[in-house]
Amino acid sequence: MARERLYLFDTTLRDGAQTNGVDFTLHDKLAIAKMLDDLGIDYVEGGYPGANLTDTELFAQERKLAATFTAFGMTRRPGRSTSNDPGLAALIEAKADAICFVAKSWDYHVRVALETSLEENLASIRDSVRAAVGKGREVLLDCEHFFDGYKANPQFALACATAAYEEGARWIVLCDTNGGALPHEIEAIVGAVVKVIPGTHVGIHAHNDTEQAVANSLAAARAGARQIQGTLNGLGERCGNANLVSIIPTLKLKPEFADRFDIGVSDAQLKTLAHASHTLDEMLNRAPNRHAPYVGESAFATKAGIHASAIMKEPATYEHVPPDAVGNRRKLLVSDQAGKSNVIAELDRIGIKVDKDDARVARLLDVVKEREAIGYAYEAADASFELLARRVLDKVPNYFDVEKFDVSVEQRDNAVGRRITVSLAVVKVKVDGETLISAAEGNGPVNALDLALRKDLGKYQSYISGLTLTDYRVRILDGGTEAVTRVLIESQDEAGERWTTVGVSPNIIDASFQALMDSIVYKLVKSGAPA
Ligand SMILES: [Zn+2]
């Protein structure tokens, strides 16, 4: 039997951005969009163009994504025409592949919140969809509070959905906006809707207020919906949205879904899922949830004892899916066998071939474990891992030595009597027997140090001239007086390639220095600079 296509729609950048304490920058949004695209997500919802500066800039960018990049916004306001609604005009003109309108579908909300008539609400849906379809856009309609609306007045809720469908909307998305619906209700209501609108045009958008957003999404797919909306790590306001990080592997690995549906995520892309989930946490400066299904550190961890020896012999005895299918790993606390094969896999990925019985692999694993115990995060810092591996395997030239550096921070009055804080860094490096001294001012001590370090590296200068820092993140580990600082630096070169390095120290300047050094040395290694 041919499998049906099931589409995935990510709203991390729109609904996920509503999470308490989450504030995406433009840089974050572009990086997340790229990550979702690499994962094989069909639709990436970017945000509300025109509603805030970040989203307006995001939609003005050149993005080069395979995913359908989607703009979100309201249908035309009641009592206005589409040509006389600046919000709608901005949405339709946005540089987006698709437009997702949100409209009320619960009669109670139309009367109380919108203070308009049911007929005007339907007219607003029809007019808005028609205007966007007329501009050649793919159109989606989010039917807000659809399930509550359907329970209260099924004819009206369905009328909202069919109004958009008849005007040419590609997808009618049924939203459980307050997250209170249960799987059996979702299955029954979606089942009724797909009798009127083909399931190939119906989507589900579930919130997690009864912790069933994933279950509700799967129930909707079982009942006929062919688009699932959600966010990475279940980000979203209140209790979050449906977690795509749990939904994707369930669709890929559980036969009931895998035998029926194809999704845009390949087996190879599925293996990057854990990494994507952890990368998002790093960007949000959050510790990943150890107990997250599929991707958490503990998801495939087994304590020593009879379970562990059984797992060694036959993993399927205790694991519902193979951990490497989602890019996670088995953790057996009796043996470092699993860690070793993981390190070998990682070395293989970066192009270093080494025999599994080579004593240096065991040494590398020990060094990684020691350093992770004091705060280094190699999963987040691919370039630092590669350098560490090459160093342990004895393959990194000593390009230059930093003999000393000095960073000062001064607060004083400037020429016009304004109080300013300036940072100055002086770096003394030795390249090829020659001592070079560079000084630079920066808007902060790390910035000054970075500028001074990269100002003059003698014969290596040409290799690093295209290097820029694109992100700098600091996390305080442990807390209290024993606190250490972890710095993650993301760099980019002239070809647009990005990499991340890490430094750890009780001193933030020192931690930053380590990460900066790794970034420069990594670039030299990558460029094949002569020793
Ligand atoms: Zn929502």
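Strands β13, β14 and β15 make up an open sheet of 3 strands in that order, with antiparallel pairing; strands are DSSP runs of E with at least two residues, helices are runs of H or I with at least four, and both are numbered from the N terminus. Two strands count as paired if DSSP finds at least two bridges between them. The edges are held by β13 and β15, each with a single partner strand, so one side of each has no neighbour in the sheet. Averaged over this sheet and with direction ignored, neighbouring strands are turned by 15° against each other.

The model is predicted: local features need pLDDT of at least 70, side-chain atom pairs count only at pLDDT 80 or more, and totals for chains, interfaces and linings use all residues. Residues are numbered from 1 along each chain as its sequence is written, and side-chain values use heavy atoms, with hydrogens and water left out.

- Strand β13 (residues 401–413) and strand β14 (residues 419–431) run antiparallel and are joined by 12 bridges; Gln411 stands opposite Thr421 of β14.
- The hairpin of β13 and β14 has 5 residues between the strands, and Gly417 in its turn has a positive phi of about 80°.
- Strand β15 (residues 434–442) runs antiparallel to β14, with 9 bridges between them.
- Two residues have named bridge partners in β15: Ala439 is the partner of Val426, and Leu436 is the partner of Val429.
- In the hairpin of β14 and β15, 2 residues lie between the strands, and Asp432 takes a positive phi near 55°.
- Helix α18 (residues 445–453) lies across β13, β14 and β15 and runs at about 145° to β15. Contact here means heavy atoms within 4.5 Å. Axes are lines fitted to C-alpha atoms, for helices over the stretch in contact, and angles run from 0 to 180 degrees between N-to-C directions.

- Strand β17 (residues 484–492) is antiparallel to β16 and joined to it by 9 bridges, and Val474 stands opposite Val487 in β17.
- Asp518 lies in α20 and counts as buried at 13% relative accessibility. Buried means under 20% relative accessible area, exposed means over 50%, and partly exposed is in between (1.4 Å probe, protein chains only).
- The side chain of Asp518 makes a polar contact with the side chain of Ser384 at 2.7 Å. A polar contact is a pair of N or O atoms within 3.5 Å; within protein, one must be able to donate a hydrogen and the other to accept it, and residues adjacent in sequence count only if both atoms are side-chain atoms.
- Leaving aside neighbours within four places in sequence, Asp518 is in contact with Ser384, Leu387, Arg391, Thr501 and Val502.

**Nonpolar cores**

- The largest nonpolar core has 90 residues, of which Leu8, Phe101, Phe146, Phe147, Ile248 and Leu251 touch the most other members. Such a core is a set of buried Ala, Val, Leu, Ile, Met, Phe, Trp, Tyr and Cys residues joined through side-chain atoms within 4.5 Å.
- Helix α7 (residues 154–166) gives the largest share of this core, 7 residues.
- A second, separate core has 34 residues, including Ala448, Leu457, Phe513 and Tyr522.

- In helix α2 (residues 53–60), the buried residues are Asp55, Leu58 and Phe59.
- Seen down the axis of α2, these buried residues fall within an arc of 90°, so they line one face of the helix; the arc is that of the directions from the helix axis to the C-beta atoms.
- The buried residues of α2 pack against α1 (26–39), β3 (43–47) and β4 (68–74).
- Asn52 caps the N-terminal end of α2, with a side-chain oxygen 3.2 Å from the backbone nitrogen of Thr54.
- Helix α9 (residues 213–223) is mostly covered, with 8 of its 11 residues buried; among them are Asn216, Ser217 and Leu218.
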